[in-house]
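These are my notebook entries on a structure that I examined contact by contact. The coordinates are shown first, and the entries follow.

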Amino acid sequence: MKTILKAIFALLMGVATVWSYKVPDIAQFQAPGFARIFLWHFPCPMLFTFLLLSASWFSIRIFQRITLKPFAFGPETNAEAKAKWDIRAVACMELSYIYALLTMATGVLFSEIQWGAWWSWDPRQTSFLIVLLIYAAYFALRFAYVDPAKKAAHSAAYGLLALLPTLFLEFKFPRLPQIEQLSLHPTDSILAGKIKGEYAQCVILILVLFAIMTVYLYNLRVRAGFAEIELEKYYGNLETNGSDPTPTGVVRPVSLSE
Amino acid sequence: MRSMSGLVTGFLFSAVTVFAISFASLNTKLSGTVVAGMLWVALLFSAASSLPRTFLAEEEMGTADLLRLVARPHAVFWGKALFNIFQCVVTSTLLSILYLGFTSAAVPIPWLFGLSLFAGCVSLAGAVTLCGAIAAQAANRAMLAAAIAVPLLLPLVAIGVGGMRTSLGDGALSSGGSASAIGLIGYAVATLATGPYIFAAVWKT
Amino acid sequence: MLKVDRLGKKYSGRWIFRGLTFELGQGDRLVILGRNGSGKSTLLRTIAGLTDKTEGTVTLPDGDPRHMLGLCALEQSVYAQLTVEEHLELTADLRGCPARIEELLEKIDLAYARDVLASHLSTGMKARLKLAMAIQANPVALLLDEPGAGLDEAGRNLVARITAEQAERGCLVVATNDPIERRLANLELELAV
């Protein structure tokens, strides 16, 4: 069944690729033929944003598992639950960064073909570069911590702290009046009804296919992470004589000191 | 604490930056946008290099555990953030006076300049305090704190430059100047409102 | 007063300790023994909430944990630019408990050094100051990590007095390998490496 689904997906991806070469040109671009890269560019920032919001939600869940009381005395152990939310959050972050890089790569190609330079300090290009830097720092932070609990909590905190500036850079900054007038970036969108017909249908198909691929990759990443936890638990239990661990210490009474 | 080294180092670093920028633009009439941009770059690097010290020093001196044992996380956050805000406001005010003096730039809308500077300092200090706390327990904490703070503060710099350039005579209040000031205040409020909760989650982990 | 149930701490894929269960009542004095690297200090830090536990629970009587628990650890530092008296004022302010400066200074025999900066204190004087800060709120559970390290004969007698007082007030956990400090306890916990 899974093989059939994968075959259907591959077939549809092939159809989308061929279709992206066949759809009629949009005249408003300087090089309408090359501007078809838009069909592959457009889904990337959308999925990037969706994954980023998902990662933020998972980060909040990590915090919910950490008691906010001054001392961490609690009725239940939460390290495993926290580790699982961290795996979900980092899976989203990794995938979102891939989409961010794809957005930048396709954007730079578009820039060269349409505006005549790989980099034109277009406000949207520039703000997205800052977003890339912000999330590069997220991964630098993860590398800096060895202890999984610290890694999870500190990177989740940074992820949440970075969300507001990222949303500002993505949605508000390019639309500021003094910035918008400097931008070369096309503002026409499917929602504004400027991109319609076959062009819009093709871009929606690619978006849906990318979304399916994202869900598949996310599940794969999360399952691998969970398997790692199970494996570590298994070896940990071997180390301490099974799942019902023998205490590593023994409390015994001693005679009172004189 | 009693140490004035953070304040002095921060100011010295900024003063040297300002002097270098002013020297680089010798005999050139700078536009309000350039003056605002350069001032904010100096503020950004001054804040990112000196303000995280409040947390980094606790970890380096080994006093962080004492604080964790006796203080509520919110009290620690507010103590550090208020100290950083004070340090940032003092440094930035002195820096701005020095910079405006060097560049002979006029300030047609002084209240907007002051508001941008103050709200900018509160936002910078709030965000950098959190970045300091987030990086403090890592091995390469000093470099990491600056590396995570600078990209995060670039949007703030963009808003700050928007407000300050208007106050220096480039652009009208209606075409973004007042919106930038509101944006800076919003950023400051958002950082200080969420800061204690984010801090509480990392402080004892 | 202090209940530890199936407590475990894992670091870098290795269990430092696991499945530790004990309950201390009033008057109980537990000494934690074990070779270097067996996790004695980590256990105290985990009980104090300074390190995340991997599994298990630690329960103290209801109330503000900052008043219920005191910790004096070897690696804990003091503020170089504060005096002895300012340390006691600061910790009392942050905890929200009475400072008891005179009483504590007399108890730890540091009244003569109340205005001395911590940077000018000897190792033994710093250890006394840390002890004073740990017992300032009259905690029901007092955790001491190598309390005799750096202390002279008088200092060791002070530790003995403080532990005796603590046993009247609540319970005590001491991590040590010192045979003299071992005699302070009525319970032993030996951690395997």
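**Entry: the contact of chains B and C.** I took contact to mean heavy atoms within 4.5 Å. By that rule, 17 residues from chain B and 22 residues from chain C take part. I worked throughout on a predicted model, in which local features need pLDDT of at least 70, side-chain atom pairs count only at pLDDT 80 or more, and totals for chains, interfaces and linings use all residues. Residues are numbered from 1 along each chain as its sequence is written, chains are lettered from A in the order in which they are written, and side-chain values use heavy atoms, with hydrogens and water left out.

I next looked up the buried area, which is the accessible area (1.4 Å probe) that two parts lose on being put together, summed over both. Chains B and C bury about 1,900 Å² between them, and 60% of this lies on carbon and sulfur atoms.

Entry: For a salt bridge I required a side-chain nitrogen of Lys or Arg within 4 Å of a carboxyl oxygen of Asp or Glu. I found two salt bridges between chain B and chain C. Asp65(B) forms a salt bridge with Arg45(C), and their closest N and O atoms are 2.4 Å apart.

Which elements give two or more residues to the side of chain B that touches chain C? They are α3 (53-61) and α4 (64-70) of chain B, helices being DSSP runs (H or I, at least four residues) and strands likewise (E, at least two), numbered from the N terminus. The largest share, six residues, comes from α4(B).

**Entry: confidence in chain B.** I read pLDDT as the predictor's confidence in each residue, from 0 to 100. Chain B averages 86, and 96% of its residues score at least 70. Within chain B, the lowest confidence is in helix α1 (residues 5-24), with a mean of 77, and the highest is in helix α6 (residues 110-135), at 92.

**Entry: salt bridges over all chains.** I recorded 20 salt bridges in the structure over all chains. In one of them, the side chains of Lys82(A) and Asp52(C) meet at 2.5 Å, N to O. This pair joins two chains, because Lys82(A) lies in helix α4 (residues 79-115) of chain A and Asp52(C) in the loop between α1 (40-48) and β4 (55-59) of chain C.
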